[in-house]
Amino acid sequence: MNLLQSYIKQKTKNYYRLYYYQNSFTTYNFKERFLFLQNSQFFRTETPIVFKGKVPFGINLKEIQTLLGKSHFIYSEELLPHYVTVYYKNKIRGIKNKSQLHLFNNRMFYGIQVFPYLNRVDNQELINLLRIKYQFPQSASLPIILVDLDGNRLIIDENMGLSLEYITADNNFIHSVLQAFEQIERKKILDFERNKHYLMSNL
């Protein structure tokens, strides 16, 4: 196999891996979820909100892999290379689990766990365990937003299966992420307008 064939094969493999992992989390848009938090009621919890119970906010990629092992896939945004999404899939006591960790400037600020293959009994059992751990009311229905003493947030929902979303308390850092995305969107609009003018000049 020559270098060109090897390159094409690797690009094709990466494309399908990216499609597989991103398709597992298609309904999760960080900007939308953060805005959802701003207009929603929440419950206070004294239990610290930490991704998978062991990955604190603010750590870097190397520290994440020390805690969770080698990731299955890492994706860097093409127009925003300092934004990286790290993908894992594993089992927790036999229960299949997929997860994402989002890093900006090599700092973890957002994580998602999804349990996509639960039957009704197992789903309810996990919700009961979450209720015990985070002390939210029996009467509370999903989606539930929890905020710990440091201001870190956890969204418990049933979106493509039971899902847990962990969001840092550092709102200044979050706004820096959102500003970076806004700059990218503005650039896309400018590029689109330039392309339109170029096409018009050639018609």
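Two residues are in contact here when they have heavy atoms within 4.5 Å of each other. With that in hand, let's start at Thr45, which touches Tyr134, Gln135, Leu146, Val147, Asp148 and Leu149, not counting residues up to four places away in sequence. The model is a predicted one, in which local features need pLDDT of at least 70 and side-chain atom pairs count only at pLDDT 80 or more, while totals for chains, interfaces and linings use all residues. Residues are numbered from 1 along each chain as its sequence is written, and side-chain values use heavy atoms, with hydrogens and water left out.

Thr45 sits in the loop between β1 (43-44) and α3; helices (H or I, at least four residues) and strands (E, at least two) are DSSP runs, numbered from the N terminus. Thr45 is buried, with a relative accessible area of 2%, where buried means under 20% relative accessible area, exposed over 50% and partly exposed in between (1.4 Å probe, protein chains only). Its side chain reaches the backbone oxygen of Tyr134 at 3.0 Å, and a polar atom of that side chain lies 3.1 Å from the backbone nitrogen of Thr47.

Now step back to the whole fold. The protein has 5 helices and 8 strands, in the order α-α-β-α-β-β-β-β-α-β-β-β-α along the sequence. Of its 203 residues, 37% are buried. Among contacts between residues at least 6 apart in sequence, 55% join residues at least 24 apart.

Follow the chain to α3 (61-68). Asn60 caps the N-terminal end of this helix, with a side-chain oxygen 3.2 Å from the backbone nitrogen of Lys62. Just after α3, Gly69 takes a positive phi of about 90°.

What lies inside? In soluble globular proteins, nonpolar side chains tend to be buried together. A nonpolar core is a set of buried Ala, Val, Leu, Ile, Met, Phe, Trp, Tyr and Cys residues joined through side-chain atoms within 4.5 Å. The largest such core has 26 residues, of which Ile64, Leu101, Met108, Phe136, Leu146, Leu154 and Ile156 touch the most other members. The largest share of this core, 4 residues, comes from α4. A second, separate core of 19 residues includes Leu80, Val114, Phe173 and Ile184.

Phe136, in the loop between α4 and β6, counts as buried at 4% relative accessibility. Not counting residues up to four places away in sequence, Phe136 touches Ile127, Leu130, Arg131, Ile144, Leu146 and Ile156. The C-alpha atoms of Phe136 and Phe43 are separated by 6.7 Å, although the two residues are 93 apart along the chain. Leu154, under the sequence exclusion of up to four places, touches residues including Ile49, Tyr134, Leu146 and Leu164.

Finally, look for open space. A pocket is found on a 1 Å grid over the protein atoms alone, as an open set of points where a 1.4 Å probe fits, with protein on both sides within 12 Å along at least five of seven lines; lining residues have an atom within 4 Å of a point. The second largest pocket holds about 470 Å³ of space. Of its 20 lining residues, the closest to the centre are Lys52, Ile92, Gln113, Phe115 and Leu164. The largest share of the lining, 5 residues, comes from α4.

Notes:
Points joined across faces, edges and corners; volume = space filled by probe spheres on them. Polar contact = N/O pair within 3.5 Å; in protein donor to acceptor, adjacent residues only side chain to side chain.
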